[in-house]
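Here are my notes on this one, as numbered points. Have the model open while you read.

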Amino acid sequence: MMAVHKMLAVLTAPSAFQPLRRAAFALAAASFALLSGPALAQNAPKVKFATSEGDFVVEVYPDKAPKTVENFLQYVKDKHYDGTIFHRVISNFMVQGGGYDATYAEKKTRPPVPHEGREALAKGGPKNVVGTLAMARTNDPNSASSQFFINVKDNDFLNPTVIPPGDPVPKFEYQGRVYENTPRAQLVNAPQLYGYTVFGKVVSGMDIVNKIKAVPTGAGGPFPTDVPKTPVLIKSATLVN
């Protein structure tokens, strides 16, 4: 599989990867009301990341993205993340890790998981906003494995595009253009409309994530840019409930 360092490269260097574009549609605000509901915070599994910069805790939402969460938690249980680094850090975008050890050797992964971005949004899951946890992937929407990223700003253009009802879809607006009577399968299967699956968020230690996003970066290992000059190590990732 392509080095995941490149998975998000398109976001800062479109020529390096597939073009991603801003979603044209947003779900109704009411669909996100569950995000602040007490049941979500009480029942969501939590994972503590102990890093060389300090500790932070994320909670994940199996009710929104079940396959993605199951995959992530299995990597946690398998200690896959222990000893890995945040190999891609962009202060006005995201911090990414979970795939390389401190020598920049890529760790072996299980088969990828299906993309659940649209389904998660439809169930009231969060968008790619500050503090949310999402899966990194290649240009194949169904290629996410172990690598994840934490949004450190609101990245609306990473959100999956919601496809209006109908087949053909009577009217579809995207990037300022209007498409009429478009076969539904053509839109549903368009790679640039998938976005990235959000499956959790940071619930404590966001100050540590902000420390990570601010570290000096440059070239490192096989990567020409955006690598912390002093490695940011994930010492352990532990399920805490």
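1. In which sense do strand 4 (residues 94-101) and strand 6 pair, and over how many bridges? They run antiparallel, with 4 bridges between them; two strands count as paired if DSSP finds at least two bridges. Met 94 has Asn 151 of strand 6 as its bridge partner.

2. Before going further: this is a predicted model, where local features need pLDDT of at least 70 and side-chain atom pairs count only at pLDDT 80 or more, while totals for chains, interfaces and linings use all residues. Residues are numbered from 1 along each chain as its sequence is written, and side-chain values use heavy atoms, with hydrogens and water left out. Helices (H or I, at least four residues) and strands (E, at least two) are DSSP runs, numbered from the N terminus.

3. Back to strand 6, residues 148-151. Strand 5 (residues 132-135) also pairs with strand 6 in the antiparallel sense, over 3 bridges, and Ala 134 sits opposite Phe 149. Both faces of strand 6 are covered: Phe 148 and Ile 150 are buried on one side, Phe 149 and Asn 151 on the other. Buried here is under 20% relative accessible area, exposed is over 50%, and partly exposed lies in between (1.4 Å probe, protein chains only).

4. Now helix 5 (residues 206-213), whose buried residues are Ile 208, Val 209 and Ile 212. These cover an arc of only 100° around the axis, so they lie on the same side of helix 5; the arc is taken from the directions from the helix axis to the C-beta atoms. They pack against several strands, among them strand 4, strand 6 and strand 9 (198-204), with contact meaning heavy atoms within 4.5 Å.

5. Have a look at Leu 239 in strand 12 (residues 233-239). Leu 239 is partly exposed, at 34% relative accessible area. Leaving aside neighbours within four places in sequence, Leu 239 is in contact with Pro 45, Lys 46, Val 47, Leu 73, Val 76 and Lys 77. Leu 239 and Glu 59 are 180 residues apart in sequence, yet 9.7 Å apart in space, C-alpha to C-alpha.

6. Last, the largest pocket, with about 160 Å³ of space. A pocket is an open set of points on a 1 Å grid over the protein atoms alone where a 1.4 Å probe fits, with protein on both sides within 12 Å along at least five of seven lines; lining residues have an atom within 4 Å of a point. The volume is the space filled by probe spheres set on the points, which are joined across faces, edges and corners. It has 10 lining residues, and the closest to its centre are Phe 172, Tyr 179, Gln 186, Leu 187 and Gln 192.
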